[in-house]
Amino acid sequence: MLIQLVNIRVAQGERETFLEAFRINCEGTRKEPGNIRFDLLCDPEDDHNFSVYEIFESAAALDRHRETEHYRRCVAMIEPITLGGRSKTYFEPVLIQDQALA
């Protein structure tokens, strides 16, 4: 299992464009074989600071995700409106609610 947290800061005035791009990505990703969870989260103190919480069955499933049309379309839409690129942190499950995933 691969768990990834991606942080994305969006330029002022570009929140709606970002959300449109991520709707496309979320809808497509959630249908992918190998995707377990794909959530977009927003910082309650900064509505232009987002995190994407992703769980894939494997690194190979994440690699396949990065080849999809919805992912590439999202990235093309958000690259011009993000600040500082995307930071990614990877995690291993330790104590999680659904132990079947561990």
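## Contact between helices H1 and H3

In this predicted model, Thr17, Phe18, Glu20, Ala21, Phe22, Ile24, Asn25, Gly28 and Thr29 of H1 meet His70, Tyr71, Arg73, Cys74, Met77 and Ile78 of H3 (contact means heavy atoms within 4.5 Å). By class, this contact of H1 with H3 holds eight nonpolar, five polar and two charged residues. Here Ala, Val, Leu, Ile, Met, Phe, Trp, Tyr, Cys and Pro count as nonpolar, Asp, Glu, Lys and Arg as charged, and the others, Gly among them, as polar.

The axes of H1 (residues 15-29) and H3 (residues 69-78) come within 8 Å and cross at roughly 170°. Axes are lines fitted to C-alpha atoms, for helices over the stretch in contact, and angles run from 0 to 180 degrees between N-to-C directions. H1 and H3 are therefore roughly antiparallel to each other, a term for angles over 145 degrees.

Helices (H or I, at least four residues) and strands (E, at least two) are DSSP runs, numbered from the N terminus. In strand E3 (residues 46-56), eight of the 11 residues are buried, meaning under 20% relative accessible area with a 1.4 Å probe, protein chains only.

Strands pair if DSSP finds at least two bridges between them. E1 (residues 2-10) runs antiparallel to E3, joined by eight bridges; glutamine 4 has glutamate 54 as its bridge partner in E3. E2 (residues 35-43) also pairs with E3 in the antiparallel sense, over eight bridges, and a hairpin of two residues joins E2 to E3.

## Basis of the values

Residues are numbered from 1 along each chain as its sequence is written. Local features need pLDDT of at least 70, side-chain atom pairs count only at pLDDT 80 or more, and totals for chains, interfaces and linings use all residues, while side-chain values use heavy atoms, with hydrogens and water left out.

Methods:
Parallel < 35°, antiparallel > 145°, perpendicular 65-115°, else oblique. Buried < 20%, exposed > 50% of the residue type's maximum accessible area, 1.4 Å probe, protein only.
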